[in-house]
Amino acid sequence: MMISTKGRYALRFLVDIAEHQAEGYVPLKDVAERQGISEKYLESIVKTLVRADVLTGLRGKGGGYRLRKSPDQYGVREILSLLEGPLVPVACLGPGDQSCDRMTSCRTLPLWQGLEQVIQEYLDKYTIADLMARDDSAGFDYVI
C-alpha cells in the first residue's frame, strides 16, 4: 500500500487550514503558496473534502476554507480513506465483491488481515490536531 500525493497533500492542506483558520476563512492560494503545492491540484482535493463535509467554503472577498469541526475530530485514517479509498494491503480485504474464491483455504490471509489491523490501528491514533503538534516527543520523525 502506498499513499499517493493526493492523500499526503490533503493532510498537509488540512493542517495548514487548521493552523490559520483563526484568522478567518483561509484562501486556497495562500495554502498553495505556503505548502508549495499547485493550486489546481489542491482544488481537486478540496472538492472531495467539501463533499465529505470536512470543509466549508466561502466565495468572494474574505473567502476561502475552514474546517467544519475542530482538528481533533478528524482522524488521519478517515481523511486518507476519503482520498485513497480503502486502506487495505490486498484486494480481497477491500469492500465489495472482491473476495477471492480461495479465501477459505488461503494460508496468507491471516498475514494480510493482521497487517490491515496494524495499519488501521496506527492511523486511528492520529488526528489533524496531532499533526499540528510540533512536539518532538509525538514520535514523528518523517515529513508527510
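Trainee: What is the relative accessible area of D53, and how is such a value read?
Mentor: D53 has a relative accessible area of 46%, which makes the residue partly exposed (buried is under 20%, exposed over 50%, partly exposed in between, with a 1.4 Å probe and protein chains only). This is a predicted model, in which local features need pLDDT of at least 70 and side-chain atom pairs count only at pLDDT 80 or more, while totals for chains, interfaces and linings use all residues. Residues are numbered from 1 along each chain as its sequence is written, and side-chain values use heavy atoms, without hydrogens and water.

Trainee: What phi does D53 have, and where does D53 lie?
Mentor: Most residues other than glycine have a negative phi. D53, although not a glycine, has a positive phi of about 60°, and lies in the loop between α3 and β1 (55-58). Helices (H or I, at least four residues) and strands (E, at least two) are DSSP runs numbered from the N terminus.

Trainee: Which residues of α4 are buried, and why do they line one face?
Mentor: Residues three or four places apart in an α-helix point the same way, because there are 3.6 residues a turn. In α4 (residues 76-84), V76, I79, L80 and L83 are buried; they fall within an arc of 95° seen down the axis, so they line one face (the arc uses directions from the helix axis to the C-beta atoms). The buried residues of α4 pack against α1 (5-20), α3 (39-51), α5 (109-124) and α6 (128-132).

Trainee: What does L14 touch?
Mentor: Leaving aside residues up to four places away in sequence, L14 touches L49, V54, L55, L67, I79 and I128, contact meaning heavy atoms within 4.5 Å.
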